[in-house]
Amino acid sequence: MSTPAQRSAIVDLGSNSVRLVVFEGITRNPVPIFNEKVTLKLGRGLDASGRLNEAGVALAMDVLGRFHTVARAMRAEPFEVLATAAVRDATNGPDFVAAIRARMPGVPIRVLNGEEEADYAARGVLCGLPEANGLVADIGGGSMELIHVADGQYFEAVSTKLGVIRLHDRAEGSIESAALIADEQLGDVKWLQGMTGRPLYLVGGAFRALARLQIARTQYPLSLVHLFSMSEGEAREMADWIIAAPRRTLEKLPGAPRKRLADAPFAATVLRRLMEKVRPSKVVFSVDGLREGWYMRHVAESVAQQDPMTALAEETAGRLARSMSLSHALVGWTAALFEDETPQQKRLRTLTCTLSDIGSYDHPEYRTEQTYQRILRSHGVGFDHPARAFIGLTLAVRYEVQMDAPLIEPSRRLLTKVEIERAVRLGLALRLAYTLCGGTVELLEECRLFVEDNKLVLTLGARSVRAAGSAVRRRFERLAAAMKLEWQVREE
């Protein structure tokens, strides 16, 4: 009998909603196998009354009882409840926590202070973007944490009262008043001056709603919020549009986050005022935040130093490819075709070689489509959208996609002409390699591929000569044509 995989669970009890996430295993890329959210609006009216919303408290008891039952049935351990701004600021917060403990016996319940909340948010962003160097803004219903991240850690951090529910209440529903409040709060954060010109990483449900609206509005080719990126100008225009757009306009957009539409103009206002302060080089949305930060700190600390993209590529190839041994050989075998590559381009080529055989067990009629969609839509914290588009296109070419196929339209829109040409070249080289060696290191090592005197040269060893046939020649000619080179085959 197989041993059940380790599972862990966290309940994120925020000012606007409560969510249970159950993670499977201990990997560098958190794998949520259960994810359920309920809107409570515990923080509604908090500034005026000093107390949690009574209707939200009553609903929370039922929801948390269900979450407790589910997590225990799934044998999640560790299992913890983290409460944030509304609970820590409310006068009836301690009574509410006591009631939760009675409803969820044996489950640790922690009310995070602002610094702890910022710590988890920073760790969540660094989970997917270990190279992040800039400002994290994690917006909730009751607060917004601002954190300076760099070199895989965080430095300055502050919690502000700019959560969307609290801001709405304090501004009495006025966007103009909300902008003034945001300016005042942000003006108190003196270290923001040092964040000018760096990336701005946005975390939290209200910011994610802005990304979803923008993706729908622009018909962006990939419906993934995580690592959706915009220039400062694009983000500024998006925020202005959301602030000014009538609600009915937003509601008509496909996939509009209806429960977040009332919050969207206030989140956009906070973003707009924050951008005025720091003038970011770009804006990046991160789905990973407090919950993933908790996972990395309490569950996966042992693997935290791994590169998330490499870890995901190796995990995927380990499940789906015929062999892991060939990928390293392919990196060296294709290197001569990319002598001008940057370190980032080499990294993408290495990851692509690792993933180059993951369609082996798919049905031949659907292998190209399955592989492309698997890369484009896979769950993984480290792959940004251009990386998905490049690797997906390369593997589609490796499996002989037609370049005018509608399937690869996302890659055509997300990549530059030069990036597409590099993907085609690598894809054709990988197809040639697998045709030559049948997925074996031994046959590939007998062959070499290099450029010499404006010719693409393929050398074949004794066994490779016997294995080579018309398919090898045809695919070699296609690669040479794509590189605009003459070609030559040599026997050694």
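Begin with helix α14: its buried residues pack against α15 (343-354), α19 (417-437), α20 (441-444), β12 and β13. Contact here means heavy atoms within 4.5 Å, and helices (H or I, at least four residues) and strands (E, at least two) are DSSP runs, numbered from the N terminus. This is a predicted model, in which local features need pLDDT of at least 70, side-chain atom pairs count only at pLDDT 80 or more, and totals for chains, interfaces and linings use all residues. Residues are numbered from 1 along each chain as its sequence is written, and side-chain values use heavy atoms, with hydrogens and water left out.

Now select residues 325-334, which make up α14, and show side chains for L326, S327, L330, V331, W333 and T334, the buried ones. Buried means under 20% relative accessible area (1.4 Å probe, protein chains only).

The axes of α14 and α19 come within 11 Å and cross at roughly 120°; axes are lines fitted to C-alpha atoms, for helices over the stretch in contact, and angles run from 0 to 180 degrees between N-to-C directions. The two helices, α14 and α19, are therefore oblique to each other, and their crossing is right-handed. Oblique covers what is left after under 35 degrees (roughly parallel), over 145 (roughly antiparallel) and 65 to 115 (roughly perpendicular). Right-handed means that the near helix is turned clockwise from the far one by less than a right angle.

To see the contact, show L326, L330, W333 and T334 of α14 with L426, A429, L430, L432, A433, Y434, L436 and C437 of α19. These residues divide into 11 nonpolar, 1 polar and no charged. Ala, Val, Leu, Ile, Met, Phe, Trp, Tyr, Cys and Pro count as nonpolar, Asp, Glu, Lys and Arg as charged, and the others, Gly among them, as polar.

Move on to the open sheet, where 3 strands lie in the order β12-β13-β14 with mixed pairing. Strands pair if DSSP finds at least two bridges between them. At the edges stand β12 (448-452) and β14 (486-491), each with a single partner strand, so one side of each has no neighbour in the sheet. From one strand to the next, the twist averages 25°. Then select 470-482: this is helix α22, which packs on the sheet and touches β12, β13 and β14.

Within the sheet, β12 and β13 (residues 455-460) run antiparallel, joined by 5 bridges. Click E452 to find its bridge partner in β13, K455.

How values were computed
Buried < 20%, exposed > 50% of the residue type's maximum accessible area, 1.4 Å probe, protein only.
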